[in-house]
Number of protein chains: 2
Amino acid sequence: MKRLKPSDRYAAILREKGEKATKARIGLLVALERERFPISIKELGTKVKAPDPSTLYRSLKALAEKGLVREIMTDKKEARYEIAIGRAHHHHVVCTSCGLMKDVRVCPEKAIAPASLGFSKITGHTLEFFGICKSCA
Amino acid sequence: MKRLKPSDRYAAILREKGEKATKARIGLLVALERERFPISIKELGTKVKAPDPSTLYRSLKALAEKGLVREIMTDKKEARYEIAIGRAHHHHVVCTSCGLMKDVRVCPEKAIAPASLGFSKITGHTLEFFGICKSCA
DNA sequence: CGGCTAGATGCGAACCATTTGCATTTAAAA
DNA sequence: TTTTAAATGCAAATGGTTCGCATCTAGCCG
């Protein structure tokens with residue numbers, strides 16, 4: 001795979017996934033790539049050119065279904081998104097005081113035995129930790 | 001502690017926690033006690049006499065803060081509640097096809113080292129598994 | 001036991017994130 | 001370039017949850 005500039009790389013990935021490589025969606029991925037933490041849709045809206053909220057919602061949902069971004073519910077109010085391309089599965093710990101988020105590699109996925117629970121398979125899970133970071137302590 | 005009928009026992013617990021033992025709140029706890037799975041506020045509303053939705057929300061929030069009930073966000077749409085009295089900390093696995101829920105004892109709480117993440121302490125976490133139960137498979 | 005007061009309730013309106021309908025634009029294929 | 005399905009923008013609707021405020025009521029005191 002050749003080395004391309006991010007926008008072209010994302011365009012290629014979008015087409016690979018059967019999505020149209022629109023400027024808006026490429027811009028979304030580029031913007032998400034710059035974020036260190038999962039970002040709310042509202043914030044994201046201020047970082048990209050002019051995407052209407054409804055378009056943002058639709059685009060993010062489509063990208064999430066294709067595995068290009070991940071949706072995270074840290075607080076039950078609004079969803080946050082992070083880029084998934086090139087990033088391994090992980091969870092987060094959130095400072096409830098300042099909002100700082102860190103990735104954590106701990107994952108309970110393999111600790112559960114579907115059969116023993118009357119389940120034929122486990123398809124997914126959500127895990128978020130909450131705490132107080134050292135700066136806020 | 002003497003053996004009382006549930007409503008009287010809950011009344012006593014409410015007073016212990018500094019909450020007024022109103023019929024509505026006692027009824028809420030009794031209704032929650034009967035549920036095998038976390039129940040949505042809407043469903044709960046149909047099971048108790050006449051509590052207005054806003055009262056339901058306020059009551060559940062108050063009871064949750066006192067540790068008498070637990071709020072669970074299985075789907076990102078609506079919150080669910082389960083009784084916490086006499087029930088140890090646990091998580092759930094949800095069948096995404098029929099909604100069946102089972103308790104799971106797996107808990108990642110002790111697997112995380114706050115200090116190594118730049119956190120002074122971990123105050124909580126959320127964990128839910130999703131899958132397909134044997135009946136739906 | 002009757003009155004007093006903070007907390008609880010009901011009702012309606014307000015909020016806010018998210019969704020949807022529809023007409024218009026645009027990327028991708030022919 | 002023409003064609004077409006998908007994507008976008010705008011406005012309106014949805015739906016869970018919250019708030020303001022007037023009215024009740026449990027718990028307390030005399």
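This is a predicted model: local features need pLDDT of at least 70, side-chain atom pairs count only at pLDDT 80 or more; totals for chains, interfaces and linings use all residues.

Me: How many helices and strands has chain A, and what makes a stretch count as one of them?

Reply: Helices (H or I, at least four residues) and strands (E, at least two) are DSSP runs, numbered from the N terminus. Chain A has four helices and six strands, in the order α-α-β-α-α-β-β-β-β-β from the N terminus on. Its C-alpha atoms fill a box of roughly 45 × 40 × 30 Å along the principal axes.

Me: How do you know what share of chain A is buried?

Reply: A residue is called buried if 20 or more other C-beta atoms lie within 10 Å of its own (exposed means 12 or fewer, partly exposed lies in between, and C-beta atoms are placed from the backbone). By that criterion, 24% of the 137 residues in chain A are buried.

Me: Into which domains is chain A divided, and where do their bounds come from?

Reply: The bounds come from an automatic or database domain assignment, and they give domain 1 (6-83) and domain 2 (91-131) in chain A. The centres of these two domains of chain A, taken over C-alpha atoms, are 22 Å apart. Five residues from domain 1 of chain A and five from domain 2 of chain A take part in the contact, where two residues are in contact if their C-beta atoms, placed from the backbone, lie within 7 Å.

Me: Why are strand 6 of chain A and strand 6 of chain B said to pair?

Reply: Two strands pair if DSSP finds at least two bridges between them. Strand 6 (residues 119-133) of chain A and strand 6 of chain B have 13 bridges in the antiparallel sense, so they meet the definition. Across these strands, A:Leu127 stands opposite B:Leu127, A:Lys121 has B:Ile132 as its bridge partner, and A:Phe129 has B:His125.

Me: What makes the pairing of the sheet mixed, and which strands are its edges?

Reply: The open sheet has six strands in the order 5(A)-4(A)-6(A)-6(B)-4(B)-5(B), with mixed pairing. Strand 5 (101-104) of chain A and strand 5 of chain B are the edge strands, because each pairs on one side only. Besides the antiparallel pair of strands 6, strand 4 (residues 91-95) of chain A runs parallel to strand 6 of chain A and is joined to it by four bridges.

Me: How many residues of chain B are in contact with chain A, and which strand gives the most?

Reply: In chain B, 31 residues are in contact with 31 residues of chain A. Strand 6 of chain B gives the most to this side, with 15 residues. The side of chain B that touches chain A divides into 18 nonpolar, eight polar and five charged residues. Here Ala, Val, Leu, Ile, Met, Phe, Trp, Tyr, Cys and Pro count as nonpolar, Asp, Glu, Lys and Arg as charged, and the others, Gly among them, as polar.

Me: Why is a residue called near a DNA strand, and which come closest to DNA strand D?

Reply: A residue is near a strand if its C-beta atom, placed from the backbone, lies within 6 Å of it. For DNA strand D there are 25 such residues, the closest being A:Ala24, A:Thr55, B:Ala21, B:Ser54 and B:Ala79. Helix 4 of chain A supplies the largest share of this surface, five residues. The surface near DNA strand D comprises nine nonpolar, six polar and ten charged residues.

Me: Which residues come nearest to DNA strand C?

Reply: Of the 26 residues around DNA strand C, the nearest are A:Ala21, A:Ser54, A:Ala79, B:Ala24 and B:Thr55. The largest share here, five residues, comes from helix 4 of chain B. Nine nonpolar, six polar and eleven charged residues form the surface near DNA strand C.

Technical notes: Residues are numbered from 1 along each chain as its sequence is written. Chains are lettered from A and ligands numbered from 1 in the order in which they are written.
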